[in-house]
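Hello,

Here is the structure I promised to hand over. Please have a look at it, and then read on for what turned up.

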Amino acid sequence: MNLLGLEWFNPGFLLLLPLAILPWFNHNLDKTVAWVNLVPIDPLSRFFNIGLKVLSTGVIAALILALAGPSLPEQKIERIGEGAEIVLLLDRSRSMDDPFAVKHQAAVVSVGGDDSKRNVAREYLTEFVRNRPDDRFGFVFFSTKSVNLLPLTYDKEVVLATINANALGKGLSDTNMAEALLSSAEMFEGQAYRGSRIVLLVSDGGQLLSDEAKEQISRLYKEMNLSIYWIYLKSNQAMTLEESEEDSLLWVDIPERKLHNFFKSIGVPYRVFEAGSLEAFAEALAEIDRQHYQTLIVEETLPHEPKTDALLWLALLAVLLLAASHVYTFWGVKKAHE
Amino acid sequence: MRLSYQKRITLTAIIMVVALLLVMAALWMPHIQRDVKIMDALFVIDITDSMNVQDATVNGETVSRLDWAKEFTRRTFLDMPCGAHAGLAIFSEARSLILMNPVEVCNSYHDLTQMLNQFDPHMAWARSSEVSKAVYTAIRQAKEIEPEPTIVFVTDGHESPPLHESLFPKFDGKPGEIHGVIVGVGGEDLLPIPKTNEQGEIEGVWGVNDVMHQDVYASLRSDTTTNVPKARTEHLSSQKKSHLQTLADRVGFEYVSSPTKPGKLVDAIRKVSETRPQTIDYDLYAWFSAIALALILLVYLPYGWFIRTDD
């Protein structure tokens with residue numbers, strides 16, 4: 001609960017606060033005298049009397065407030081860091097269940113094993129995220145419909161948990177690349193520009209995009225100052241995204257190449273990493289690591305700060321004086337009775 | 001009981017000194033180590049069309065089952081003890097898709113709710129709703145997560161296409177191997193189901209002729225015991241309590257129907273989970289200050305209202 005700009009852990013205790021006025025209605029410690037007028041008017045003792053009541057009220061109030069557990073709410077501060085804002089666009093299609101980087105066709109049949117592209121991508125992305133403390137990550141759910149599942153966050157635990165979850169189970173039958181690319185760009189909408197913005201696509205295939213989608217993507221990516229990094233997980237070692245002399249006929253005009261050409265043509269910073277082996281994948285991530293150490297403003301959350309101790313100090317001071325005064329009274333009364 | 005003036009003065013002095021010591025202890029006593037029991041839970045939220053039926057209530061307002069599921073899940077996060085972990089998954093078609101593995105519920109509360117807010121019917125990748133199979137996939141995938149989470153499956157139990165009791169999909173795991181709670185949502189009355197289009201927008205409701213009304217396999221059989229003609233109501237939906245109970249028994253889960261207090265669900269999760277102890281720093285200040293407060297109040301309570309204290 002929020003009150004007076006503080007968060008209260010046990011706000012229920014605040015209901016006890018009226019008890020703090022009890023000392024003012026209290027005669028437990030009064031000495032009955034035969035006739036009040038016998039008591040001389042003594043300004044000093046009046047002062048002490050009121051002082052003791054204030055102290056009592058103070059200690060009761062301080063203890064109740066301390067029990068209610070106030071703390072300063074979490075605060076966001078900005079500091080200069082080095083890093084980037086990265087939206088992860090992980091292909092969750094069925095083909096990602098296939099083994100990564102096989103050398104010959106026969107090995108393709110072992111679906112969903114430890115060496116599946118999905119698992120490999122998870123391992124390396126985990127490393128990547130761990131090594132980039134200042135980066136902010138977002139995660140796009142990539143299916144027939146795309147959803148900005150995890151808005152940009154600094155919470156590494158959450159990002160890693162999302163990456164790990166992505167490696168579980170089988171892939172989805174339909175994925176829509178155009179939607180996912182647009183959705184990733186939307187992640188930055190309404191966000192202050194802090195430094196480098198990257199959409200990191202990890203996929204093992206391309207898709208043909210409609211002209212309308214292409215137009216939208218290129219407009220949005222330019223507008224929002226995005227870079228596209230594509231880690232292309234090859235199924236076949238020999239295939240390259242760039243056309244070459246030794247191309248097999250099968251590779252001409254495949255969607256991957258079309259997508260690659262499209263990314264090259266839209267005039268935003270674009271890099272492709274063709275990961276044909278584990279080493280190549282690791283290198284691709286290391287390369288991104290080196291590339292994108294730009295200064296950017298990093299938002300950091302300071303955990304909430306308990307304010308209980310201040311109240312306890314107050315209570316301590318008041319109760320110290322009260323105890324001293326009551327012990328003195330006790331000593332005085334004892335003396336008088338002797 | 002009446003105390004003499006002198007005794008009162010003596011007692012007050014003693015109480016004040018003890019209170020002083022207690023406040024000092026509250027300030028300076030080192031934290032002690034204490035074990036709390038924490039659990040890991042994986043919340044699977046049904047996002048199929050029947051969850052759009054508006055027959056759940058949040059704060060007195062009638063909302064869709066999905067909205068209720070999201071709100072109740074969020075409040076459950078708040079009621080889980082810090083140190084407990086929560087993950088998120090959605091269910092559509094015939095499978096549960098895990099979206100976030102369990103993360104610490106207090107530190108990551110913000111991101112957990114951010115993700116939860118995104119859950120929407122248009123994330124569904126197909127327009128069928130095979131609850132039992134989805135529970136089975138959730139169980140299979142939970143086994144791959146370390147430590148194995150307790151599954152909290154929030155659904156109305158509406159199977160589409162319908163299932164005949166005798167033709168339940170086979171569960172190949174061991175019941176109770178993965179612990180779980182099925183949380184039923186939805187009312188008693190059969191209500192029309194809003195229909196979502198390709199874009200996930202609601203467009204009218206499912207008509208009586210849009211859906212199958214009988215188990216596909218049962219309808220192929222000629223024997224009348226499994227193939228009893230029944231009312232064609234599969235285009236309408238209510239919370240399928242007996243079905244969810246059967247399903248829960250089959251996989252060794254608990255079934256909680258429309259819980260009202262998140263705390264109760266947390267208790268149910270704790271009861272079925274294999275909780276693991278986690279040592280936390282426990283500050284005793286609250287105990288010391290509470291006792292000090294109680295003692296000081298003893299001095300100032302208006303006893304005079306009840307008994308004569310003057311002498």
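How many bridges join strand β2 of chain B to strand β7 of chain B? There are 5, and the two strands, residues 40-46 and 150-155, run parallel. Within this pair, B:Val44 stands opposite B:Phe153.

A word on conventions: this is a predicted model, where local features need pLDDT of at least 70 and side-chain atom pairs count only at pLDDT 80 or more, while totals for chains, interfaces and linings use all residues. Residues are numbered from 1 along each chain as its sequence is written, and chains are lettered from A and ligands numbered from 1 in the order in which they are written. Helices (H or I, at least four residues) and strands (E, at least two) are DSSP runs, numbered from the N terminus, and two strands pair if DSSP finds at least two bridges between them.

In chain B, β2 and β7 belong to an open, mixed sheet of 6 strands, ordered β6-β5-β2-β7-β8-β13. Its edge strands, each pairing on one side only, are β6 (95-104) and β13 (254-257) of chain B.

Best wishes
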